[in-house]
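Colleague: I have a few minutes before the meeting. Can you put the model up and take some questions?

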Amino acid sequence: FVHGAFRSPAGTHLVGRDAVRRMYDPVVVYGDATPRTKHVLGTVVVVVDGERVTAGARSHFTVFQQTETLPLQPVLAGRYHDRFVRRDGAWWFAERMVRPDLEGDLSRHMANRR
């Protein structure tokens with residue numbers, strides 16, 4: 001997200017990698033330095049413009065989590081709507097819109113929800 005934004009319908013609008021890290025680093029990492037989650041993507045559709053300068057992607061995600069007190073289970077599922085831009089021969093996020101559709105037990109997912 002060096003050149004991009006991370007947004008959600010709930011009003012999250014973070015611009016740049018540092019802003020995204022400032023929001024997520026303090027809330028998703030457990031004492032063992034892992035988020036105890038696995039994010040699985042599927043149904044990925046990517047469309048690149050004819051000049052290969054911009055692209056868009058849509059995908060579905062499922063977040064699985066397991067902790068000492070929570071058995072392995074899906075805790076969140078939804079869709080990503082992504083836009084990319086090509087700069088100096090490399091592809092970068094321009095924007096990721098996360099659209100959650102289904103919520104499970106999120107009580108241990110982020111530190112501020114505990």
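**Working through the model**

Modeller: Before you start, this is a predicted model.

Colleague: Noted. What is the order of the elements from the N terminus on?

Modeller: The elements run β-β-α-β-β-β-β. That comes to one helix and six strands.

Colleague: And what does the C-alpha trace span along its principal axes?

Modeller: About 50 × 30 × 25 Å. The chain has 114 residues, and 34% of them are buried.

Colleague: How does the lining split by class?

Modeller: There are 18 nonpolar, six polar and six charged residues in the lining.

Colleague: Switching to salt bridges. How many does a search of the whole structure find?

Modeller: Seven. One of them joins the side chains of Arg7 and Glu95, at 2.5 Å from N to O. Arg7 is in strand 1 and Glu95 is in strand 6, so this pair ties together parts 88 residues apart in sequence.

Colleague: Is Glu95 buried or exposed?

Modeller: Glu95 is buried, because its relative accessible area is 14% and the cut-off for buried is under 20%. Arg7 is partly exposed, at 27%.

Colleague: Which residues are linked with Arg7 in a network of salt bridges?

Modeller: Arg83 and Glu95 are linked with Arg7 in that network.

Colleague: Give me another bridge. Where do Asp101 and Arg79 lie?

Modeller: The side chains of Asp101 and Arg79 meet in a salt bridge at 3.0 Å, N to O. Asp101 lies in strand 6 and Arg79 in strand 5, so the bridge ties together parts that are 22 residues apart in sequence. Asp101 is partly exposed at 42% relative accessibility, and Arg79 is partly exposed at 29%.

Colleague: What about Asp18, what does it form a salt bridge with?

Modeller: Arg17, with the closest N and O atoms 4.0 Å apart. Arg17 is partly exposed, at 46% relative accessibility.

Colleague: Now the surface. Which residues make the nonpolar patch?

Modeller: Leu41, Val44, Val46, Val48 and Trp91 make a patch of about 450 Å². Strand 3, residues 37-48, gives the most to this patch, with four residues. Val44 is in strand 3 and is exposed, with a relative accessible area of 51%.

Colleague: And Val47, how far is it from Arg58?

Modeller: The two are 9.0 Å apart, C-alpha to C-alpha, and eleven residues apart in sequence. Val47 also lies in strand 3, and its relative accessible area of 54% makes it exposed.

Colleague: Last topic, the backbone. What is the phi of Thr43?

Modeller: It is positive, about 50 degrees, although Thr43 is not a glycine. That stands out because most residues other than glycine have a negative phi. Thr43 lies in strand 3 and is exposed at 59% relative accessibility.

Colleague: And where is Arg52?

Modeller: Arg52 is in the loop between strand 3 and strand 4. Arg52 has a positive phi too, of about 60 degrees. At 54% relative accessibility, Arg52 counts as exposed.

Technical notes: Residues are numbered from 1 along each chain as its sequence is written. This is a predicted model: local features need pLDDT of at least 70, side-chain atom pairs count only at pLDDT 80 or more; totals for chains, interfaces and linings use all residues. Side-chain values use heavy atoms; hydrogens and water are left out. Patches are made of residues with over 30% relative accessible area and no salt bridge: like charges are joined within 9 Å, nonpolar side chains (Val, Leu, Ile, Met, Phe, Trp, Tyr) within 5 Å. Accessible areas come from the Shrake-Rupley method with a 1.4 Å probe; for residues, only the protein chains shown count as cover. Helices (H or I, at least four residues) and strands (E, at least two) are DSSP runs, numbered from the N terminus. Buried means under 20% relative accessible area, exposed over 50%, partly exposed in between (1.4 Å probe, protein chains only). Ala, Val, Leu, Ile, Met, Phe, Trp, Tyr, Cys and Pro count as nonpolar, Asp, Glu, Lys and Arg as charged, and the others, Gly among them, as polar.
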